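Work through these exercises with the sequence and the structure open. Each task is followed by a solution in steps.

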Amino acid sequence: MMIRRTAALAALCLLNASAWAVEYNSVDTTKSTIRFIPTLMGSKTEGSFKKFSAQIRFDPEKPAQAQARAEVMVQSFDIGFDEATDEALGPNWFDVKKFPTATFVATQVTPLTKDRFELSGNLSIKGQTKPVRFPVTLTRESANAGRLDGTLTIKRLDFGLGQGQWAGTGTVSNDINVQIRLSIFNK
Amino acid sequence: MTPNTLSDNVRYTPPAIALHWLMAWIIIAVYFLGLSIDEIPVGPDRIQVVGWHKWLGVTIAFLWGFRVLWRASHRPPADPADSPAWQNNAAHLVHIALYVLMIAIPVSGWLMSSAKGYTTNFFGLFDLPNLLEKDKPLGHTLKEVHEVLANLLMALVGLHIAAALKHQLINKDNLLARMRPARKSRS
C-alpha cells in the first residue's frame, strides 16, 4: 500500500515534470526588451535598445548547464528625445562609433526557487567588462514558451558612461536600472 | 476723499498673505526657469533647470491645495466699496482664473512629463506616478498647452498687478495694505 502510493506519487511527479520539461533554446527578440532607466534629478526616464540578438540554452530543471549570451546593437538605443539619444550615443556616453556592441555572457545560473534563478555573468559596455549577478524570474506561458524577467542596477561610471560634463552624479545618478525581458521558447 | 485706513479686520489673514507672496515669488521663478529650458543645450545644466522647474511646480500644486482650503474656510476682506461693480466683478473673475491656472499649469506639466516618458518627483523625496503612457505627439501637444496656460497666467498676473497699482497710485485707497505682510506691532 505504502509502496504503491509512493510509486503513484513518483509517477505523478514525473508526469508533472515531463509536462514542463522543456529546454528553452530560442529567443524571440521581437517580444523581448532591454531597457535602461536612469534617474535625472530624481526623475526616472527610460531608454531601450531596439536591436539585439540573444542565444540561450536553458532547462529550468538543469540550471547548472544553462548557457546564455546576448549582443546588443548600441546604435539602436532610443530614449525618446532625439537630442538626448544623440548625446547618449556620442563619445561622452556609449561612444557607439568606437564601441558598436555591448554584450552579456552568462557564467552561472543558480536556482533560488522553482521559477527564480540567480544569473551571474559578464557585462561588457564601452569596452569595459564587469561581473554582474541578478535574479531572474521565469514565467511559463505555455508548454514550450516562457518569459524571463530580470532587473539589475549598474554603476554607469564603472563602464565610463557619462564623461566630461556628465561625470558628476548629482544630476544623473550613478545607478542605472536595467530591465531585461526575454521571450524564450523551444524550437 | 480721505484714504481709508485699514484696520486688521479688513486685512487678509496672515496665512492667506503668506501663501499669496510665497506662491507669487515661486510662480515668477518657475516661469522664468521654464522659459529658459529650451535655450539650454542638452546637458547637465538643462537637466538641473528642468529638475528645479518641476520641483517648484510640484511645490506650487501642494501650496495651491492649502491655499484653496484656507480660502474656502476664511472669508476675504470685502470688495472696495468705492470701486464700480464692473471692476469688482472683473477682479473676482481674474482671481478665479488665477486659481484655476495655478493648478492647471502644474498638472499640465505633470501630464506633459508623463507623455514624454519622464517621471516627476518632489526634491528627490518621492516620485509621482506617470499619468500617461509615453506618447511623443501627445507630449508635444501638452507642452504647447503648458506654455499657453503659463503665458496666460503671466498676462493675468500683469493685469492683477496693474489693478493693484491703480488702487494704490490712482484711487489712493491703500488696498495693498490688505495683502501687505504684517509688520511688528507698534501699538
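**Exercise 1. Trace the pairing around one strand of chain A.**

Task: In S13(A), which residue is the bridge partner of A:Ile37?

Solution. 
- Step 1. Go to S13(A) and find A:Asn177, the bridge partner of A:Ile37. This is a predicted model.
- Step 2. Widen the view to both strands. S2(A) and S13(A) run antiparallel and are joined by five bridges.
- Step 3. Look for another partner of S2(A). Strand S5 (residues 47-49) of chain A pairs with S2(A), again in the antiparallel sense, over two bridges.
- Step 4. A:Ser48 in S5(A) stands opposite A:Arg35.
- Step 5. Sort the residues of S2(A), residues 33-37, by face. A:Ile34 and A:Phe36 make up the covered face. A:Thr33, A:Arg35 and A:Ile37 make up the uncovered one.
- Step 6. Recall the general rule. Side chains in a regular strand alternate between the two faces of the sheet.

**Exercise 2. Follow the chain from S11(A) to S13(A).**

Task: How many bridges join S11(A) to S12(A), and how many join S12(A) to S13(A)?

Solution. 
- Step 1. Start with S11(A) and strand S12 (residues 145-155) of chain A. Six bridges join them, and the strands run antiparallel.
- Step 2. A hairpin of two residues links S11(A) to S12(A).
- Step 3. Pick out a facing pair. A:Asp149 in S12(A) lies opposite A:Thr137.
- Step 4. Move on to S13(A). Eleven bridges join S12(A) to S13(A), also antiparallel.
- Step 5. Locate one pair there. A:Phe185 in S13(A) stands opposite A:Ala145.

**Exercise 3. Find the centre of the largest nonpolar core.**

Task: Which residues of the largest nonpolar core touch the most other members?

Solution. 
- Step 1. Take the 30 residues of this core. A:Val72, A:Phe94, A:Leu182 and A:Ile184 touch the most other members.
- Step 2. Ask which strands contribute. Those supplying at least two residues each include S7 (67-73), S11 (128-142) and S13 (175-185) of chain A.
- Step 3. Find the largest share. S10(A) gives four residues.
- Step 4. Zoom in on A:Leu182. Leaving aside residues up to four places away in sequence, A:Leu182 touches A:Val27, A:Ser32, A:Ala54, A:Arg147 and A:Leu148.
- Step 5. Nonpolar side chains tend to be buried together in soluble globular proteins.

**Exercise 4. Describe chain B and its helices.**

Task: What pattern does chain B follow along the sequence?

Solution. 
- Step 1. Count the elements. Chain B has four helices and two strands.
- Step 2. The pattern reads α-α-α-β-β-α.
- Step 3. The C-alpha atoms of chain B fill a box of roughly 60 × 35 × 30 Å along the principal axes.
- Step 4. Compare H4(B) with expectation. Helix H4 (residues 136-171) has 36 residues and reaches 51 Å between its end C-alphas, close to the 52 Å expected.
- Step 5. Do likewise for H1(B). Its 24 residues reach 35 Å, close to the 34 Å expected.
- Step 6. List buried residues. H4(B) has B:Gly139, B:Leu142, B:His146, B:Ala150, B:Leu153 and B:His167. H1(B) has B:Ile27, B:Val30 and B:Gly34.
- Step 7. Identify the cover. Helices H1 (14-37) and H3 (85-116) of chain B are among what covers the buried residues of H4(B). For H1(B), the cover includes helix H2 (44-73) and H4 of chain B.
- Step 8. Step past the end of H4(B). B:Lys172 follows, with a positive phi near 50°.

Definitions and conventions: Residues are numbered from 1 along each chain as its sequence is written. Chains are lettered from A and ligands numbered from 1 in the order in which they are written. This is a predicted model: local features need pLDDT of at least 70, side-chain atom pairs count only at pLDDT 80 or more; totals for chains, interfaces and linings use all residues. The expected span of a helix is 1.5 Å times one less than its number of residues. A residue is buried if 20 or more other C-beta atoms lie within 10 Å of its own, exposed if 12 or fewer, and partly exposed in between; C-beta atoms are placed from the backbone. Two residues are in contact if their C-beta atoms, placed from the backbone, lie within 7 Å. A nonpolar core is a set of buried Ala, Val, Leu, Ile, Met, Phe, Trp, Tyr and Cys residues joined through C-beta atoms within 7 Å. Two strands pair if DSSP finds at least two bridges between them.
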